[in-house]
Amino acid sequence: MGIIQKQIKVDERHIQLLFGQFDKNIRRIEEAFNISYVYRGDTLLIEGEVENVKKADRVINDLLIISKKGSEISDQNVDYAIRLSKDGDSLNASDLENDDELICHTLSGRPIRPKTFGQKQYVEAIDKNMIIFGTGPAGTGKTYLAMAKAITAFKKGDVERIILTRPAIEAGEKLGFLPGDLQSKIDPYLRPLYDALYEIMGAESFQKNMEKGLIEVAPLAYMRGRTLDNAFIVLDEAQNTTQSQMKMFLTRIGFGSKAIITGDQSQKDLAQGTTSGLDTALKVVRGIEGIAICKLTSKDVVRHPLVQKIVEAYENYKPRETIKHKNYNKG
């Protein structure tokens with residue numbers, strides 16, 4: 001394909017944000033599309049193969065829209081804009097920077113909003129349904145967004161309390177060898193939930209509400225025999241539930257409540273031969289009104305780009321193993 005040049009007008013007020021610290025943003029675009037760039041006056045000149053220049057042009061204009069909205073251009077903005085352009089997607093990363101997408105702010109003032117279109121669909125499903133299943137690989141924001149929505153609903157008075165739970169694989173008799181009382185034994189299983197609560201709500205506010213019984217963080221086994229009314233409930237690491245545990249949890253949900261079940265079906269810690277309650281539930285509840293199933297993918301990973309590459313590598317590795325196994329059986 002031929003080499004072309006493209007001129008892009010860039011107001012000097014936005015050039016620093018576009019280029020990033022030490023020009024890291026523009027260099028990332030340069031590497032992703034194998035283009036070269038020169039900036040003179042108010043004009044950015046990019047050069048490369050036709051298709052690559054078109055894709056780089058789209059990314060640059062997408063990032064400029066984010067800057068013009070008054071938002072910082074993060075590494076995630078750059079990586080996601082590049083990913084969308086490479087995939088030939090008609091969506092733009094800048095569409096996620098609208099105020100109506102904002103869920104809440106962290107204690108430090110950082111805005112929490114969907115960072116991918118998969119996350120956007122997930123958040124919309126939470127708003128519209130009573131029970132939401134959010135599945136996907138590590139780093140897709142399943143739990144963090146669920147926690148943000150739970151805390152926001154609690155602060156608005158939409159629910160009276162927050163209940164956060166996880167299946168503790170070694171809970172019960174097998175925790176006996178660990179030092180300390182029961183709470184200190186189960187805390188390590190629940191630490192990721194505490195971390196999100198502290199970041200969004202603050203440790204002091206969390207402790208006060210926990211002492212009042214308005215926030216509860218407990219292993220899944222503690223849910224048995226209860227009816228959970230007027231609560232926002234988050235079940236995390238649901239891939240590690242048994243079928244009976246999942247059925248028990250789903251039948252606890254009462255009036256005025258909302259439940260989010262999150263899990264990564266590729267990372268199960270159950271005993272060999274045990275069927276995951278999450279896997280079964282996704283088949284059983286499909287099509288029931290008021291229940292949504294959202295499947296996030298490697299495209300929705302918002303951690304370091306290397307995490308996305310690792311997730312994709314594992315996804316691509318499994319089919320090769322399956323093919324080898326099938327060929328072996330035929331022989």
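1. As a term needed for what follows, two strands are said to pair if DSSP finds at least two bridges between them. Please also keep in mind that this is a predicted model.

2. Strand β6, residues 131-135, pairs with β10 in the parallel sense, and five bridges connect these strands. Within this pairing, I132 stands opposite I260 of β10.

3. Strand β9, residues 231-235, also runs parallel to β10, with which it pairs over four bridges, and here V234 has I260 as its bridge partner in β10. Between β9 and β10 the chain passes through helix α9, residues 243-250, in a β-α-β crossover that is right-handed.

4. Is strand β10, residues 258-263, mostly covered or mostly open? The strand is mostly covered, since six of its six residues are buried. K258, I260 and T262 point one way from β10, while A259, I261 and G263 point the other way, and the residues on both sides are all buried.

5. Turning to helix α2, residues 24-33, the buried residues are N25, I26, I29, A32 and F33. Seen down the axis of α2, these buried residues fall within an arc of 125°, and they therefore line one face of the helix.

6. The buried residues of α2 pack against the helices α1 (12-19), α3 (50-68) and α4 (75-86), and also against the strands β2 (36-40) and β3 (43-49). After α2 comes N34, a residue whose phi is positive, near 55°.

How values were computed: Residues numbered from 1 in each chain as written. Predicted model: local features only at pLDDT ≥ 70, side-chain atom pairs only at ≥ 80, totals over all residues. Heavy atoms only, no water. Buried < 20%, exposed > 50% of the residue type's maximum accessible area, 1.4 Å probe, protein only. Helix = DSSP H or I, 4+ residues; strand = E, 2+ residues; numbered from the N terminus. Right-handed = clockwise from strand over helix to strand, strands pointing away. Arc of directions from axis to C-beta. Contact = heavy atoms within 4.5 Å.
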